[in-house]
Amino acid sequence: FYGHPQNRFWKVMSAVLDCECPVTKEEKKLMLLSHNIAVWDVIGSCEITGSSDATISSVVPNDIAGLVAETSVTRIFANGATSYNMYKRYCRDNVGIEAVKLPNAAFSLERLIFEWKSQILSQ
């Protein structure tokens, strides 16, 4: 999903981190790793009809608690309401870290950058 050319994640993250927007997969990895950022889905597998989040069922969450236990993760940010709600429902109690819900899709690029900077840099 984050590899799709229309996805604004990389533009937003590069603006938040004040660096050049990465293009290649390797540049994207380097940008995240150089800022100690991990990206992982809350859901490992599920059933979904089309691309509608409202149809998500039979959720198998990823082992975020295991990841946190093996790393130095101290903050978790959810990209939008669905990932935030799924994290709260399936992971938060086992992980022990409250997630910060970041806005997605509906905002303009400029507003997304402003909101993400406000949330991420204030933590």
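Me: What makes residues of helix 4 count as buried, and which ones are they?
Reply: Buried means under 20% relative accessible area, exposed means over 50%, and partly exposed lies in between, with a 1.4 Å probe and protein chains only. In helix 4 (residues 81-90), Tyr84, Met86 and Tyr87 are buried. Helices (H or I, at least four residues) and strands (E, at least two) are DSSP runs, numbered from the N terminus. This is a predicted model, where local features need pLDDT of at least 70 and side-chain atom pairs count only at pLDDT 80 or more, while totals for chains, interfaces and linings use all residues. Residues are numbered from 1 along each chain as its sequence is written, and side-chain values use heavy atoms, leaving out hydrogens and water.

Me: How do you know that the buried residues of helix 4 line one face?
Reply: Seen down the axis of helix 4, they fall within an arc of 165 degrees, so they line one face of the helix. The arc is that of the directions from the helix axis to the C-beta atoms.

Me: What do the buried residues of helix 4 pack against?
Reply: Their partners include strand 1 (43-47), strand 2 (57-61) and helix 3 (64-69). Contact here means heavy atoms within 4.5 Å.

Me: Why is helix 1 called largely enclosed?
Reply: Because 7 of its 9 residues are buried, helix 1 is largely enclosed by the rest of the structure. The buried ones are Phe9, Trp10, Val12, Met13, Ser14, Val16 and Leu17. Their cover includes helix 2, strand 3 and helix 6.

Me: Why is helix 1 called oblique to helix 2?
Reply: Helix 1 (residues 9-17) and helix 2 (residues 25-34) pack at about 40 degrees, with axes 11 Å apart. That angle makes helix 1 oblique to helix 2. Angles under 35 degrees count as roughly parallel, over 145 as roughly antiparallel, 65 to 115 as roughly perpendicular, and the rest as oblique. Axes are lines fitted to C-alpha atoms, for helices over the stretch in contact, and angles run from 0 to 180 degrees between N-to-C directions.

Me: Which residues make the contact of helix 1 with helix 2?
Reply: Helix 1 brings Trp10, Met13, Ser14 and Leu17, and helix 2 brings Lys28, Met31 and Leu32.

Me: And why are helix 1 and helix 6 oblique to each other?
Reply: Helix 1 and helix 6 pack at an angle of about 50 degrees, with their axes 9 Å apart. Helix 1 and helix 6 are therefore oblique to each other. Phe9, Lys11, Val12, Met13, Ala15 and Val16 in helix 1 meet residues of helix 6, among them Leu109, Leu112 and Trp116.

Me: What makes Leu109 partly exposed?
Reply: Its relative accessibility is 22%, so Leu109 counts as partly exposed. Leu109 lies in helix 6 (residues 109-122). Leu109 touches Arg8, Lys11 and Val12, not counting residues up to four places away in sequence. From Leu109 to Arg8 there are 101 residues in sequence and 7.4 Å in space, C-alpha to C-alpha.

Me: Is Asp18 buried or exposed?
Reply: Asp18 is exposed, because its relative accessible area is 72%. Asp18 sits in the loop between helix 1 and helix 2, and has a positive phi of about 55 degrees although it is not a glycine.

Me: How is Ser58 classed, then?
Reply: With a relative accessible area of 49%, Ser58 is partly exposed. Ser58 is in strand 2, and its phi is near 50 degrees, a positive value in a residue other than glycine.
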